Amino acid sequence: MKEKKKDVIRLEREAVIPILKHKLTTALSLHFAEKYERDEFLRFCQRVECTIRAWYHLHFEDLMQLYSLFEPVRGAHRLQQQNLSPDEIDVLEHQFLQHLFEVMEKSNFKVITNEEIEVALSAQYRLNLPIVVNEAKLDTKLLTRFFSKFPRHDLPHFADKFKKNNIWEEGNSIETEKDSLYIERIRIEKLKLSLSNLMSKITIQEPTFERIIVVYRRVSGKRETERNIYVKHFKSIPMADMEIVLPEKKNPGLTPLDWVKFLVSAAIGLVTVVSSVSLKKTDIRVIAAILSTVVAYCVKTYFTFQRNLVDYQSLITRSVYDKQLDSGRGTLLHLCDEVIQQEVKEVIISFYMLIKQDHSTSKEELDMQCETFIKEEFNESCNFDVDDAVKKLEKLGLVSRDSEDKYRCVSMKEANDIMGTTTEEMVLKARGGGDYEDEEVADNEPQITPEDELNAKEQRYQSKLTEFETLWM
């Protein structure tokens, strides 16, 4: 028997560094032999995060201020207080969307493609009924106006149901390239019909969107103002069930197959009854048996549809509660923090790789070294964004480039001196009591023993733990 062709999907390797920042900095610090080097490196990591967070603070604050004018709860009231003209509101609306999409791209989200949509619609994973969007309830002007003013080449064929997503692949890959990964899509309808498959447990495999953000606006009405913008954040959505996250879904009706079953059953029953009546000796019991069989089959088809409808509504409900991470302002805060965490990790890893070398390094070499180190040290794969990392190191003044476009970094102590003492360090020092002093004060401070230092660290840890419990527990 000829083997069925495998359903293989190409996925782009993500630029996200899938390692917790604390785990990353701790693991990297252990590669320094001397304690003072580890302390300098951890201070460097802290100052990098504080500096990058300060860079993005104003940008994120503008994003939040703009969204406050378009959020569904109080946005309309705030717009009314501003007493703005429609043209001025359009400008603010475009500024918000521009800020939002920039933050999404920094968080390594990307616009869903037509190819991904076709793949998603070509199969079903857990859904038994087709999902149809009530487009009459969705506003098509919001994103149409925006993309006409800020055109993009990678837009899907529906700009009014614009969404961005971050793909995460599940299952075993078949073949990998530098920036791509190929995964087999294993569906039940594609499996070979055999006795072994029927009698044993089988595994199905479906690529999954790790994160999906949907941006849309409803048509204005009695309960909806014309300027509300909805931002919803979902997790772990199977590609074949992507329609779950679409807004304003219609309640499904009978499928074409159900209608075919009804019509064929009715036709068979009608032909059988007519042919029975045309006979000279008509047996009423035979006609009644045939009609009852046809009616029973139609009822069975109807109740099967009702059961699928209940399963559909249950799945949608679970998706809202289990799959939805956040919405509105919560989603924006999550994106802002994700941008900072990724930027910090990129700078820390690239600086660490440079400082461990005694010679200048090109971008290509640095990129390969970072990806190899992440794979060997943490057993994780990613497409390291070396261009963005080097650009930030240059902006911080921590690297220099020679005539051959190769990079060399400053020493750890110089890096900390260049960034200087952060506001967070001053606050922590003041919170601990006494006036702030820089680290490089006099060398004649009394020396403490390792035991005293360990006890002091334990006391600080207990103090932080108590403070955390007081705030959040």
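Me: At what angle do helix α11 and helix α12 pack?
Reply: This is a predicted model. Helix α11 covers residues 363–378, and helix α12 covers residues 386–396. Their axes lie 10 Å apart, and the packing angle is about 110°.

Me: Which word describes that arrangement of α11 and α12: roughly parallel or roughly perpendicular?
Reply: The angle between α11 and α12 is about 110°. Angles of 65 to 115 degrees count as roughly perpendicular. That makes α11, relative to α12, roughly perpendicular.

Me: Is the crossing of α11 and α12 left-handed or right-handed, and which residues meet?
Reply: The crossing of α11 and α12 is right-handed. From α11 come K363, L366 and D367; their partners in α12 are V386, D387 and V390.

Me: How many residues of the α11 contact with α12 are charged?
Reply: The contact of α11 with α12 includes 3 nonpolar residues. No polar residue takes part. The charged residues number 3.

Me: How do α10 and α12 lie to each other, roughly perpendicular or roughly antiparallel?
Reply: Helix α10 spans residues 329–355. Its axis comes within 9 Å of that of α12, and the two cross at roughly 80°. The two helices are therefore roughly perpendicular.

Me: How many nonpolar residues are in the contact of α10 with α12?
Reply: α10 brings E343, E346, V347, S350, F351 and L354. α12 brings D388, A389, K392, L393 and L396. By class, 4 are charged and 1 is polar, while the nonpolar residues number 6.

Me: What share of the protein chain counts as buried?
Reply: The chain has 15 helices and 11 strands. Out of 473 residues, the buried share is 40%.

Terms used: Residues are numbered from 1 along each chain as its sequence is written. This is a predicted model: local features need pLDDT of at least 70, side-chain atom pairs count only at pLDDT 80 or more; totals for chains, interfaces and linings use all residues. Side-chain values use heavy atoms; hydrogens and water are left out. Axes are lines fitted to C-alpha atoms, for helices over the stretch in contact, and angles run from 0 to 180 degrees between N-to-C directions. Helices (H or I, at least four residues) and strands (E, at least two) are DSSP runs, numbered from the N terminus. Angles under 35 degrees count as roughly parallel, over 145 as roughly antiparallel, 65 to 115 as roughly perpendicular and the rest as oblique. A crossing is left-handed if the near helix is turned anticlockwise from the far one by less than a right angle, and right-handed if clockwise. Contact means heavy atoms within 4.5 Å. Ala, Val, Leu, Ile, Met, Phe, Trp, Tyr, Cys and Pro count as nonpolar, Asp, Glu, Lys and Arg as charged, and the others, Gly among them, as polar. Buried means under 20% relative accessible area, exposed over 50%, partly exposed in between (1.4 Å probe, protein chains only).
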